[in-house]
Amino acid sequence: MDRADVVIVGAGAAGLFCAGVAGQRGLSVLLIDHAEKVAEKIRISGGGRCNFTNRDAGPANFLSENPAFCRSALARYTPARFVALVQRHRIAWHEKHKGQLFCDDSSESIIQMLLRECEAGGVRRWQPCRVEGVRQTAAGGFELDTARGPVRTRQLVVATGGLSIPKIGASDWGHRLARQFGHRIVEPRPGLVPLTFAAADWAPFAELAGLALPVRVATGDKPARGEFLEDLLFTHRGLSGPAVLQISSHWRPGQMLELDLLPGIDLAAALREAKQRSRKQLGNELLTWLPARLAEKVCAPLGELARRTLPEQRDATLIGLADRLQRWQLLPSGTEGYRKAEVTLGGVDTRELSSQTMESRRVPGLHFVGEVVDVTGWLGGYNFQWAWASAQACALGL
Ligand code: FDA
């Protein structure tokens, strides 16, 4: 029977990182993944350039039923430490907006970096290889049945990620294993995902597909309220773009979205002020404030009124119009689902894990790291930072 000090299932961001650190601590590590290619999610991330961390990542950027859980790991493995590793591997990077750090060239350089770290730790990798069953041994370890034969280990790390993008290897294996050992799963649902609307509701806006503009978007009530100032993108079936991906993680079915299409502007005041000095038609005035296609769409229900000049408009009309544009209430019918979601919310309940080592409080030697755990980051490099930080916490505790 094959043996290893540590078996890690899942060779994605968290699994590779954990393997490298554990291997370099002198442990014998076997990494197993069922996919043909290593770390496909890193490869496709950040539009192929991997937004590998966020300079400002902190606990406030994560969603979880147990928000304090991520604090310790994030504090012990900071974005600056990952940047130092990237620099040691001579990978060129740059900062985009809001602290998001990307590779200059390609995500492939992050994958190669992680593989070199694994090599330095003497990590063995079985890939592709299915894990057919896991059981605890009497001696207090685990025995795994795999497509390459049985393997015995003292420590098992589950790094199989979330359910998003099944066609590149995502599976619920980690959730099923957690349940097998008595762990509770916080109901998984797609996050960082475009939102859709009932076809009839969306028909008037479908022709705006491709249009993008900065907005403020909000949903829910305190303390679960989410609010973001980001770009919105109209699509054929609904809304996307960073603003909507961010808010989708806070949105629950049946909740309204509130959109302010002119954040930072008091449109009602601006229109009433314009009425004092300009003889423009209302429709033309709106072109000052909104992209033309959107202005036309907004004016359509006003009919003849939009062609009247500003001095001819009643204040109530201007205030009503501003209200619709700055407090637009929409009811999404759903999301684009795991096919398009960047992450999976929910996962292994963190109340049953050690925040210091990611080890199960139920089953000694069993650990969960990365996205399989109920810790989900915002859009912008936060999810990889959680993968690195949770993996490091785990590897140092093995
Ligand atoms: P990850 O998904 O990386 O790895 C899980 C591994 O487990 C996979 O290799 C899989 O094959 C394997 N596995 C699954 N089931 C298995 C089984 N039954 N047996 C064996 N192996 C199994 N985040 C970010 O911070 N910045 C970004 O730029 C992006 N961009 C981005 C784009 C897109 C399109 C997506 C879908 C996601 C992102 N993300 C992101 C999110 C980020 O990719 C994600 O949070 C991390 O990869 C999670 O790391 P894990 O190691 O936990 O899972």
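**Figure 1. Composition of the shell around the ligand in the predicted model.** The shell comprises 12 nonpolar, 13 polar and four charged residues. This structure is a predicted model. Of the 29 residues around the ligand, those that come nearest are Ala 14, Asp 33, Ser 171, Glu 371 and Phe 384.

Figure 2. A polar backbone atom of Ala 14 lies 2.8 Å from an oxygen atom of the ligand. For Ala 13, a backbone N or O atom is found 3.1 Å from a ligand oxygen atom. Gly 46 likewise places a polar backbone atom 3.1 Å from an oxygen atom of the ligand. The ligand taken alone exposes 1000 Å², of which the protein buries 92%. Helix H1 (13-24), helix H2 (40-44) and helix H13 (382-397) are the elements that give two or more residues to the shell. H13 contributes the most, with three residues.

**Figure 3. The second largest pocket and its central residues.** This pocket holds about 330 Å³ of space. It is lined by 19 residues, of which Leu 63, Ser 64, Arg 189, Ser 249 and Arg 252 are the closest to its centre. Two or more lining residues come from each of strand E11 (185-191) and strand E19 (343-348). E11 gives the most to this lining, with three residues.

Figure 4. Five nonpolar, eight polar and six charged residues make up the lining. Domain 1 (2-189 + 344-397) and domain 2 (194-336) each supply at least three residues to the lining.

Methods
Residues numbered from 1 in each chain as written. Predicted model: local features only at pLDDT ≥ 70, side-chain atom pairs only at ≥ 80, totals over all residues. Heavy atoms only, no water. 1 Å grid on protein atoms, 1.4 Å probe; cavity = no way out; pocket = protein on both sides within 12 Å on 5 of 7 lines; lining within 4 Å. Points joined across faces, edges and corners; volume = space filled by probe spheres on them. Helix = DSSP H or I, 4+ residues; strand = E, 2+ residues; numbered from the N terminus. Nonpolar A, V, L, I, M, F, W, Y, C, P; charged D, E, K, R; others polar. Domains from an automatic or database assignment. Near = heavy atom within 4 Å. Polar contact = N/O pair within 3.5 Å; in protein donor to acceptor, adjacent residues only side chain to side chain. Areas by Shrake-Rupley, 256 points an atom, 1.4 Å probe, with all protein chains shown as cover.
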